[in-house]
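I opened my notebook to look around a structure that is new to me.

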Amino acid sequence: MKKDFIKCGVAGCCMELFWTTFCGIKKKNYKLIGQTSMWMFPIYGMASLIKPISGRLKKHNKDTFERGMIYTMGIYAAEYTTGKLLKKKDRCPWDYSDSKYNVNGLIRLDYAPLWFAVGLIFEKMLNGKSRTGN
């Protein structure tokens, strides 16, 4: 579980760097600067919980859409909860208040397709065949 936590933390921070760089390009910033926060490492690391959850979902014959929706809801719950906790200490690295589809500045409902894809990416990353065959 520790290796999966680290793998998800690193992968999530890398995805965030690419995403924020892409968003900068959309705003005509061609310096290719992305950003993240060290707070995000443990938050993304929590995605390691997808591994045992996906096993149960597949056991109950849940299709890709159902699994993706469950991961999306889990990601929103984690983002909202951790954001609320960090905001109390003035440490939350994101603020979506300017977004039309924000909920308390902590989550963006228009990011649902993104989180759907990210959840499935984590599932694939965590459940892919290992080199040792485990």
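**Entry 1: the start of the chain**

I began with Met1, which I found in the segment before α1, the helix that covers 2-26. I kept in mind that this is a predicted model. Is Met1 buried or exposed? Its relative accessibility is 59%, so I wrote it down as exposed, the cut-off for that word being over 50%.

Met1 belongs to a nonpolar patch together with Met46, Leu49, Ile53, Ile70 and Met73. I noted about 550 Å² of accessible area for these residues together.

**Entry 2: the largest pocket**

Then I went looking for open space. Rolling a probe the size of a water molecule over the atoms shows where empty space is left. For the largest pocket I noted a volume of about 1200 Å³.

Which residues lie nearest the centre of the largest pocket? I found Glu16, Tyr44, Tyr96, Tyr111 and Trp115 there, out of 41 residues in the lining.

I also checked which helices take part. At least two lining residues come from each of α1, α2 (40-45), α3 (50-59), α4 (64-88) and α5 (112-127). Helix α1 gives the largest share, with 9 residues. Sorting the lining of this pocket by class, I got 25 nonpolar, 9 polar and 7 charged residues.

**Entry 3: salt bridges**

Side chains of opposite charge can pair when their charged atoms come close. How many salt bridges does a search of the whole structure find? My tally is 3, and I went through them one by one.

I started with Asp4 and Lys51, whose closest N and O atoms are 3.3 Å apart. This pair links distant parts of the chain, since Asp4 sits in helix α1 and Lys51 in helix α3, 47 residues apart. Asp4 has a relative accessible area of 10%, so I put it down as buried, the limit being under 20%.

I moved on to Glu123 and Arg67, where the closest N and O atoms of the salt bridge are 2.6 Å apart. Why does this pair tie together separate parts of the chain? Glu123 belongs to helix α5 and Arg67 to helix α4, so the bridge joins parts that are 56 residues apart in sequence. I marked both Glu123 and Arg67 as buried.

That left Arg108 and Asp110, a salt bridge with its closest N and O atoms 2.6 Å apart. Arg108 has a relative accessible area of 19%, so it counts as buried. Asp110 is partly exposed, with 33% relative accessibility.

**Entry 4: two distances across the fold**

To finish, I looked up two C-alpha separations. Lys88 is in helix α4, and with a relative accessible area of 66% it is exposed. From the C-alpha atom of Lys88 to that of Thr21 I noted 28 Å, for residues 67 apart along the chain.

Ala112 is in helix α5. Its relative accessible area is 25%, so I listed Ala112 as partly exposed.

Conventions:
Residues numbered from 1 in each chain as written. Predicted model: local features only at pLDDT ≥ 70, side-chain atom pairs only at ≥ 80, totals over all residues. Heavy atoms only, no water. Patch = residues over 30% accessible without salt bridge, like charges linked within 9 Å, V, L, I, M, F, W, Y side chains within 5 Å. Areas by Shrake-Rupley, 256 points an atom, 1.4 Å probe, with all protein chains shown as cover. Salt bridge = Lys/Arg side-chain N within 4 Å of Asp/Glu carboxyl O. Helix = DSSP H or I, 4+ residues; strand = E, 2+ residues; numbered from the N terminus. Buried < 20%, exposed > 50% of the residue type's maximum accessible area, 1.4 Å probe, protein only. 1 Å grid on protein atoms, 1.4 Å probe; cavity = no way out; pocket = protein on both sides within 12 Å on 5 of 7 lines; lining within 4 Å. Points joined across faces, edges and corners; volume = space filled by probe spheres on them. Nonpolar A, V, L, I, M, F, W, Y, C, P; charged D, E, K, R; others polar.
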